[in-house]
Amino acid sequence: MAARSVTLGIDLGTTSVKAALVEASPGDPSGFVVLASCARAAQAETAAQSAAAGSQGQEQDVRRIVQALHACLAALPQQHLRKVCGIGVSGQMHGVMFWKTGQGCEWTEGGAAPVFEPRAVSHLVTWQDGRCSSKFLASLPQPESHLSVATGFGCATIFWLLKNSPEFLKSYDAAGTIHDYVVAMLCGLTRPLMSDQNAASWGYFNTGSQSWNLEILKTAGFPVHLLPDVAEPGSIAGRTSRTWFEIPKGTPVGVALGDLQASVYSCMARRTDAVLNISTSVQLVASMPPVFQPVQTPDPTAPVAYFPYFNRTYLAVAASLNGGNVLATFVHMLVQWMADLGLEVEESTVYSRMIQAAAQQRDTCLTITPTVLGERHLPDQLASVTRISSSDLSLGHVTRALCRGIVQNLHSMLPFQQLQAWGVERVIGSGSALSRNEVLKQEVQRAFPLPVAYGQDVDAAVGAALVMLQRNLNQQES
């Protein structure tokens, strides 16, 4: 290679923001080296802007997410940032935020590095948002797509706002995911640009024709002017309009990717791999053959959906809403109980102690169905605990049963036998909740008796960087 190809990958997750600097391995174009990486907690949860959303609303403060992003960039080596020749961005799918064109951010030149600060923006309504009830979703028009629409999906949220807070929507003229917003601000885009991966995650997008269901949406009174333009994943959205943390002005920025697809891109070495990601939520993913095309009729009750990947191929995805967030809910409950008893304890201490106790408790008869958030294909199913006996009430028993329940719930959506039928020979484990939890790893091996390898904690950020790195390498070869 004539010059070092360093690319920056960014992942704007639900609970944390991650960044990774990736370089091609000398003499091995197919290999890569992670030069540096960083993760920062977003701590962005906030009350819903619409009072009508109530306790079902799940929103995040965009300013805090951007602050966490800048903290990540500030922690990376400046000498590597100066050599960045491409930026890849991924993030939490399905969610939606709004901003005013030309007023979405303000660049500040003071301090150690130029940064952008969100200005005329809304909160991010996340994929975890539950304001769209089953009754409300049933009132929406049927999409012309192979993917059904669920609560937390961008188009469903906009429909809800149209009905419950129409004045709110009049305040903005642009919309996108949080990662679409970051790309638009970095490049100074006059219109938001979205990959088909993110468009499909919003609903009312036909992956076959690569187009929004405009006629269906217009007929329903949907504000179609808010829909972003759509581009191929792996294409360039624009170039940085300013120097940003030593990254030169004019650096190419890729159209934002889904965090699921970016994670898979960094992990899946061959088509016979399945990728299991356990972070805030859970996804089990297998690659479909290049000739596969999904049936263009949505089935809201199907536990497996087919998400667009790259080069017009698809991933079979069992996406559970209940993953690391369930463990976090359990930890929070224990801490709250302690506080009610007059005792103070850190959540990190509770988490490490309960995993330690479960590691020593190799089995249990206690059964926990952990679906505290329901599932998209079973939105009204809640959690339950059964087979309770006095001998199975220790912290180790309960934590073991909870970890097993998370994995078993996923297995019920996409069984091991189906993976075998698709020719899967190995499982690649990724995600922060899985990488830090030995008990979850044991339960994965128990439910999916295949060879299991583990990726890195920053897989989505690495994947986003690799997409740009591969693009740069292809350009050099041509």
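R446 is partly exposed, with a relative accessible area of 48%; this class lies between buried (under 20%) and exposed (over 50%), computed with a 1.4 Å probe on protein chains only. The structure is a predicted model, in which local features need pLDDT of at least 70 and side-chain atom pairs count only at pLDDT 80 or more, while totals for chains, interfaces and linings use all residues. Residues are numbered from 1 along each chain as its sequence is written, and side-chain values use heavy atoms, without hydrogens and water. The whole structure holds 15 salt bridges, each defined as a side-chain nitrogen of Lys or Arg within 4 Å of a carboxyl oxygen of Asp or Glu.

**Within helix α15**
- R446 pairs with E443 in a salt bridge of 3.9 Å, N to O.
- Both residues belong to helix α15 (residues 438-447) and sit 3 residues apart, about one turn of the helix; helices (H or I, at least four residues) and strands (E, at least two) are DSSP runs numbered from the N terminus.
- Salt bridges with shared partners join E443 and R446 with D363, R400 and R404 in one network.
- E443 counts as buried because its relative accessibility is 3%.

- R426 and D273 form a salt bridge whose closest N and O atoms are 2.9 Å apart.
- R426 lies in strand β25 (residues 426-430) and D273 in strand β19 (residues 273-278), so the pair ties together parts 153 residues apart in sequence.
- D273 is buried, at 0% relative accessibility.

- E246 and R82 form a salt bridge, with the closest N and O atoms 3.2 Å apart.
- E246 lies in the loop between β16 (236-239) and β17 (252-254), and R82 in the loop between α2 (78-81) and β6 (84-91), 164 residues apart.
- E246 is partly exposed at 29% relative accessibility, and R82 is partly exposed at 45%.
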